[in-house]
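This report describes pockets and the packing of a pair of helices. Please consult the sequence and structure shown here.

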Amino acid sequence: MNKLYLINVSGQDRPGVTASLTKILSTDQAQVLDIGQAVIHDSLSLGILVLAGNECDAGKMLGNIEQLARQLDIEVSVQPIAESDYDQWVDEQEKPRHIVTVLGRVIAAEHIARISQEVARHDLNIDKINRLSGRVALHTDQNKSKACVEFSLRGDPADIQALRADFLSIATEFDIDIAYQEDNIYRRYRRLVVFDMDSTLIEAEVIDE
């Protein structure tokens with residue numbers, strides 16, 4: 001009988017954690033249905049959704065995973081997933097996708113909170129949040145720093161224009177840039193960015209000079 005498991009791993013990041021875990025899964029012929037990994041300040045967060053088929057000894061596999069957790073001193077939780085819940089999750093993935101990119105000197109918690117509130121209010125769900133900018137030292141001059149965060153959203157908002165207007169209002173209030181795009185084939189094939197050069201790419205107004 002097929003069984004579904006959501007495996008969540010957390011702990012100190014180090015080389016070989018993902019390799020060791022997936023080796024156990026491959027030995028027991030488990031199928032990876034979904035996987036995601038992030039490292040924030042040397043702290044690892046890894047999630048894998050696996051299908052243990054008839055040929056897989058699920059008890060042995062889970063036992064080996066527990067043993068690995070003790071060996072590597074990491075936290076591992078395993079949650080059985082009902083097939084009906086998985087099917088519902090797959091159906092949700094068919095909804096339209098959207099990308100919201102936030103750019104500013106600093107991205108504060110208040111910025112994230114306000115944007116997240118508007119996202120929820122327009123019936124969108126956050127699938128993923130990525131930091132696109134480099135890490136910044138604590139003593140960096142904020143007037144020279146740059147921060148960029150990207151939200152991957154999923155859902156079907158009732159009024160796209162109202163959503164854009166709300167993002168514009170937040171951008172104006174906090175003096176940050178918020179770009180909204182539908183995540184479709186046209187976005188993925190874009191390879192050209194056009195913007196004003198003066199005081200954007202360079203710190204001067206060429207006409208004045």
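## Pockets and helix packing

The second largest pocket holds about 510 Å³ of space. This is a predicted model, in which local features need pLDDT of at least 70 and side-chain atom pairs count only at pLDDT 80 or more, while totals for chains, interfaces and linings use all residues. Residues are numbered from 1 along each chain as its sequence is written, and side-chain values use heavy atoms, without hydrogens and water.

A pocket is an open set of points on a 1 Å grid over the protein atoms alone where a 1.4 Å probe fits, with protein on both sides within 12 Å along at least five of seven lines; lining residues have an atom within 4 Å of a point. A volume is the space filled by probe spheres set on the points.

| Pocket | Volume | Lining | Nearest the centre |
|---|---|---|---|
| Largest | about 1,600 Å³ | 49 residues | Ala38, Asp127, Lys128, Ile129 and Asn130 |

Helix α4 (residues 109-121) packs against helix α5 (residues 160-174) at an angle of about 165°, and their axes lie 10 Å apart. Axes are lines fitted to C-alpha atoms over the stretch in contact, and angles run from 0 to 180 degrees between N-to-C directions. The two helices, α4 and α5, are therefore roughly antiparallel (angles over 145 degrees). Contact, meaning heavy atoms within 4.5 Å, involves residues including Ile115 and Val119 of α4 and Phe167 and Ile170 of α5.

Methods. Helices (H or I, at least four residues) and strands (E, at least two) are DSSP runs, numbered from the N terminus. Angles under 35 degrees count as roughly parallel, over 145 as roughly antiparallel, 65 to 115 as roughly perpendicular and the rest as oblique.
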